[in-house]
Amino acid sequence: MRLRTILAALAVLAGAIAASAQEKVLVVATFSILGDFVKNVGGDRVALEVLVGPNGDAHVYSPSPSDAKKLAAAKVVFTNGLRLEGWIDRLVKAAGSRAAVVTATKGIAPIEAAERSGHKAEHGTDPHAWQSVANAKIYVTNVRDGLIAVDPAGRATYEKNARDYLAQLDALEAEVKAEVARIEPERRRIITSHDAFGYFRAAYGVQFIAPQGVSTDAEASAKDVAAIIRQIRRQRIPAVFLENISDPRLLQRIADETGARIGGTLYSDALSDEKGPAASYIDMMRHNVKELKAALTS
Ligand code: ZN
């Protein structure tokens, strides 16, 4: 009798533990910027794991066994797609994950990377679609729909969170455009390490020139570097920017050789840590525009 009571009590307890663990939807996002979108839409309903964290480079990431564990437990995995994360399909498979895989750039018009001589491996689609706020809004709607699909009970929450966040992104977009408008058009030209700002260029009209292609997996060739040095001199490009995910040495050298100023650090493919200036997507875009403006208007 007593044993049965104890067993019954244990069963209730086990049920309660299972229920509290299941209360949150386990979600994986491949990198920090996408993770921030998921956090804003998922709110308290999701337990989020981000594979490539702050200041990490998603192009050349090497997944760890703990990443496979996170994927095995996840209900849904959000990826950027457009070949940013060349490692994700294999990882999902190796993990035996049954998670729904949602490509957050679905519906975005991809832009083709600028071709450059002797760099055939770098041709192809530019994955950095988040660098336009209009695209970020498409990411957010895809995240919203992906969460509703695996957690229909949360629909009202996800819809409200997405609506609130989309309104913030509308304000951000207006702000970015207004700030760029204050830079004289002929000064809207800078150098960065890798070609991560194609969507920013298309949306806001700032030209970014990069010795490295749209991925960080191949080094810039000597020929490309020489061409950029000539271009900086010819076009009197005022500033060179470092990136939070890239080795600064090449850009330092280009700055030394040309006399271009180091304008600061741009956040291209990853957020900063909590204490940094780009801990969220909105802060990242604000920071980047502030740096551009400071270097190009003085
Ligand atoms: Zn990149």
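1. Helices, as the term is used here, are DSSP runs (H or I) of at least four residues, numbered from the N terminus. By that assignment, histidine 287 belongs to helix H10, which covers residues 281-297. The model under discussion is predicted.

2. Histidine 287 has a relative accessible area of 12% and is therefore buried, the cut-off being under 20%. Leaving aside residues up to four places away in sequence, histidine 287 touches Thr265, Tyr267 and Pro277.

3. As to the chain as a whole, 10 helices and 8 strands are assigned. Its C-alpha atoms fill a box of roughly 90 × 40 × 35 Å along the principal axes. Of the 298 residues, 49% are buried. Among contacts with a separation of 6 or more, 67% join residues 24 or more positions apart. The accessible surface comes to about 14,400 Å², and carbon and sulfur atoms contribute 53% of it.

4. Histidine 128 sits in the loop between strand E4 (100-103) and helix H5 (133-150), while histidine 194 sits in the loop between E5 and helix H7 (198-204), so the pair ties together parts that are 66 residues apart in sequence.

5. Histidine 128 is buried, with a relative accessible area of 0%. Histidine 194 is likewise buried, and its relative accessible area is 0%.

6. Helix H8 comprises the 14 residues 222-235 and reaches 20 Å from its first C-alpha to its last, close to the 20 Å expected at 1.5 Å a residue. Arginine 236 follows H8 and has a positive phi, near 50°.

7. The buried residues of H8 are Asp224, Val225, Ile228, Ile229, Gln231 and Ile232. Viewed down the helix axis, the buried residues fall within an arc of 160°, so they line one face of H8. An α-helix has 3.6 residues a turn, so residues three or four places apart point the same way. Exposed residues on the other side of H8 are Ala222, Lys223, Arg230 and Arg234.

8. Finally, the packing partners of H8 should be noted. Its buried residues pack against strands E5 (189-191), E6 (207-209) and E7 (239-243), and against helix H9 (249-258).

Methods
Residues are numbered from 1 along each chain as its sequence is written. This is a predicted model: local features need pLDDT of at least 70, side-chain atom pairs count only at pLDDT 80 or more; totals for chains, interfaces and linings use all residues. Side-chain values use heavy atoms; hydrogens and water are left out. Helices (H or I, at least four residues) and strands (E, at least two) are DSSP runs, numbered from the N terminus. The expected span of a helix is 1.5 Å times one less than its number of residues. Buried means under 20% relative accessible area, exposed over 50%, partly exposed in between (1.4 Å probe, protein chains only). The arc is that of the directions from the helix axis to the C-beta atoms. Contact means heavy atoms within 4.5 Å. Accessible areas come from the Shrake-Rupley method with a 1.4 Å probe; for residues, only the protein chains shown count as cover.
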